[in-house]
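Here are my notes on this model. Please read them alongside the coordinates.

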Amino acid sequence: MKLSKGYLFVFLYGLGATISIRVVGILAISDIISILLIPFLISRRNMFVDSRFRKLLFFLFLWFVATFISDIVNESNLINSLKGFFTLVPFFSSLLFAYWVLRQNIRLIIPFLLGYSISFLLSAGFGIDAYYQESLARNNLTNASQLGHYSKIILWVIASFINGYFVLVYYKKKPKMVALILFILSLFLLIKGVRSSFLICFLVSVILLLIEKQTFNIPYTGKSWTKKLNKKKGVFILFIIASIFISKSLYEYGAENGILGEEEEIKYRLQSNSKLGLLSGRPGVVIAYYAILDSPLFGHGSYARDEKGFSYEAGTMVTDLGQSMDILYDNIGEEQIEAHSHILQAWVNNGILATFFWFYVLFGIAGKFYRNYLFSKPEFFAYALISLLSLYWSILFNPFQQKPFLAFNIIFFVVLMQKKQIF
């Protein structure tokens, strides 16, 4: 892609995607840019002609409504209510910006991903970020390397670059090389105990090698490529299941025998002895389970405190240590209810109406793309597969953050499914 003003602008936007500053709350620089552009974006001609994009915004509007209702029902204080409402504003603006950019040219996601990778390095690797600076201050630390797991942070930065920019640029040119590098990266991620990224990279690398074998000597065009691979969807599903089993076995063997280090061995043995097994690595999911059961319709309000001790109940179930967990969960009412999941956090905070947005992303966008469009654009296949797996994992198991990247990830699929595209 030739360097242009548009390329440079999107690169700079990506460069600010994870570098945050405190403006009332903590906002990424890219959040601020897209918020300032809202009047310009909503005035663009043909901005809302795509039905999927309109539905996406409609369900986001329902989330706004759910936030308002939940905070009234729960009598949330004004500050938390405002924080809950304005958490969604930058996400709304990021979706508008991403759609405006990618609808003009979907390949503009490339400079965004390059800028995002550098942004990730500056914010997480060097601590040039309000969130990391405040984390350091709370823990009386002096630099990001002392924050803990520094080598994991660097590995996340490398994985971000490879899974984004590198795969998108080089897959069409060197598919075998991309598959091999993803496989090597998955081994490093396994050794460092970054399980989610290991699973995604391992699965994608194996699938790419399988596809390369199936499509050998087939012209790299949409019709012939798609026709061949659509006949093999059942084989790929079985292969994915087998790959998940193999990757899980690799992790368990490495952790149990100390190959992955003492920290992973201790974590694995603790989780293996809990009632929930490896799911105990995400205790926020269990906290959300208790919180949702307590108030399924309206949630507990924006930034609600754990007044009823859901985290203590979850800690008891996860570790199976009962009352000995008092020392870890003795601040009932002081800590926020953290679900560590996009969809569960929305449900915990704002009730069931807030989850409709994420259900639509999971099934109406990502699910439909997998069923009908996964093999339709060969050059985007590897990145689309990584993005699909990452999107599902994030919605189910990660906290709601990095809104500009998440918006570009979702809109990428929306635009790729449109009938009229500019490539």
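**Notes on the predicted model**

1. Helix α1 (residues 5-15) packs against helix α5 (residues 78-104) at about 150 degrees, with the axes 12 Å apart. Axes are lines fitted to C-alpha atoms, for helices over the stretch in contact, and angles run from 0 to 180 degrees between N-to-C directions. The pair is therefore roughly antiparallel (over 145 degrees). In α1, F9, V10 and Y13 meet S94, F97, W100 and V101 of α5; contact means heavy atoms within 4.5 Å.

2. This is a predicted model: local features need pLDDT of at least 70, side-chain atom pairs count only at pLDDT 80 or more, and totals for chains, interfaces and linings use all residues. Residues are numbered from 1 along each chain as its sequence is written, and side-chain values use heavy atoms, leaving out hydrogens and water.

3. The chain has 19 helices and two strands. These are DSSP runs, numbered from the N terminus: helices are H or I of at least four residues, strands E of at least two. Of its 423 residues, 50% are buried (under 20% relative accessible area, 1.4 Å probe, protein chains only).

4. Helix α2 (residues 29-36) buries S30, D31 and S34. Its buried residues fall within an arc of 105 degrees seen down the axis, so they line one face. The arc is taken from the directions from the helix axis to the C-beta atoms.

5. The largest nonpolar core has 109 residues; L56, F91, F357, W358, I411 and F412 touch the most other members. Such a core joins buried Ala, Val, Leu, Ile, Met, Phe, Trp, Tyr and Cys residues through side-chain atoms within 4.5 Å. Beyond neighbours within four places in sequence, F357 contacts L56, F59, L60, W63, F91 and L95.

Definitions and conventions. Parallel < 35°, antiparallel > 145°, perpendicular 65-115°, else oblique.
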